[in-house]
Amino acid sequence: MSIWIPFIGTVLGASCVYIFKEKENEMLSRSFSGIAAGVMVSASIFSLLLPALEQSHFLMVVLGIWVGAILMWSLDHFIPHVHFEQEEGKPNHLSRVTKLVLAMVLHNIPEGMAVGIVYASGYKPASIALAIGIALQNFPEGAILSLPFQKYVSKHKAFLIGSLSGIVEPLASLVTIYFSKYLGNYIPFLLSMASGAMLYVVIEELIPEMAQGKHSNIPTIMFMMGFSLMLVLDQLF
């Protein structure tokens, strides 16, 4: 089933802890954020918004975008996590490792929603294309998340933490598919809602990450590559 493909990408990325030593490379991280942002923007447009507009009035689509964005804002506000080395969310006593994982969980929720609703809407080939695109961006993300964890835990635990951070995607897909059975007439709304959630993550998290530090055109080029990759996959399937 296509909903498990993104999770596989995360697991493969997390397995890099067995190949590479701990490594923090700012430009590499920014480039991966650029790729992820490009994939998500492209997917939100071609895999979600355009199909939604074909099936519903544009006002319903706009409403869905805002509901998705507000949903992610609420999760971002209440769930404790680390962003830009700063703690966000409700005050808590969780460990730094837990907060780093929760930050990735927040990132993965809209991706899982997107794959789930595209699958539920009957666009099976499109859901495969979307899942592959997200899996390709999840590979470097899984590596970037797991490698630094070697500072805090063993390689095996770092791999497990990195892998489990991606399990939220198929879970979010399954939840979305379940509720779509009762909201069949509102599939366009759900498509645009997933799009709004993805766009919120891109604007609030990924674009600031790719733009931080010394000026460079490399993250921007990576964004364009990610955008183009998702567009190609969408057309091929």
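Modeller: Let us begin with a definition: a helix here is a DSSP run of H or I with at least four residues, and helices are numbered from the N terminus. The model itself is predicted. With that term in place, the largest share of the lining of the second largest pocket, five residues, comes from helix 7.

Biologist: What is the make-up of the lining of the second largest pocket by class?

Modeller: Eleven lining residues are nonpolar, one is polar and none is charged.

Biologist: Which residues line the largest cavity, and how do they divide by class?

Modeller: The lining consists of Thr10, Met104, Asn108, Asn138, Glu141, Gly142, Leu145 and Ser165. Two of these residues are nonpolar, five are polar and one is charged. Glu141 is in this lining, and glutamate counts as charged by the definition. Helix 5 provides the largest share, four residues.

Biologist: Why is the pair of tryptophan 4 and phenylalanine 7 called edge-to-face?

Modeller: Rings pair if their centres lie within 6.5 Å, and planes over 60 degrees apart count as edge-to-face. By this rule there are six aromatic pairs. The rings of tryptophan 4 and phenylalanine 7 have centres 6.3 Å apart and planes at 70°, so this pair is edge-to-face. The rings of tyrosine 178 and phenylalanine 179 have centres 5.4 Å apart and planes at 80°, so that pair is edge-to-face as well.

Biologist: How do you know whether phenylalanine 7 is buried or exposed?

Modeller: Buried means under 20% relative accessible area, and exposed means over 50%. Phenylalanine 7 has a value of 16%, so the residue is buried. Tryptophan 4, at 35%, is therefore partly exposed.

Biologist: What do tyrosine 178 and phenylalanine 179 count as?

Modeller: Tyrosine 178 has a relative accessible area of 44% and is therefore partly exposed. Phenylalanine 179, at 47%, is likewise partly exposed.

Biologist: What makes a set of residues a nonpolar core?

Modeller: Such a core joins buried residues of the listed nonpolar types through side-chain atoms within 4.5 Å. The largest nonpolar core has 51 residues, and Leu48, Ile117, Val118, Leu130, Leu191 and Leu206 touch the most other members. The largest share of this core, 13 residues, comes from helix 8.

Biologist: With which residues is leucine 191 in contact, leaving aside its neighbours within four places in sequence?

Modeller: Leucine 191 is in contact with Ser47, Leu48, Pro51, Ala52, Gln55, Ile117 and Val118.

How values were computed
Residues are numbered from 1 along each chain as its sequence is written. Side-chain values use heavy atoms; hydrogens and water are left out. On a 1 Å grid over the protein atoms alone, a cavity is a set of points where a 1.4 Å probe fits but cannot get out, and a pocket is an open set with protein on both sides within 12 Å along at least five of seven lines; lining residues have an atom within 4 Å of a point. Helices (H or I, at least four residues) and strands (E, at least two) are DSSP runs, numbered from the N terminus. Rings of Phe, Tyr and Trp (its six-membered ring) pair if their centres lie within 6.5 Å; planes under 30 degrees apart count as stacked, over 60 as edge-to-face and the rest as tilted. Buried means under 20% relative accessible area, exposed over 50%, partly exposed in between (1.4 Å probe, protein chains only). Contact means heavy atoms within 4.5 Å.
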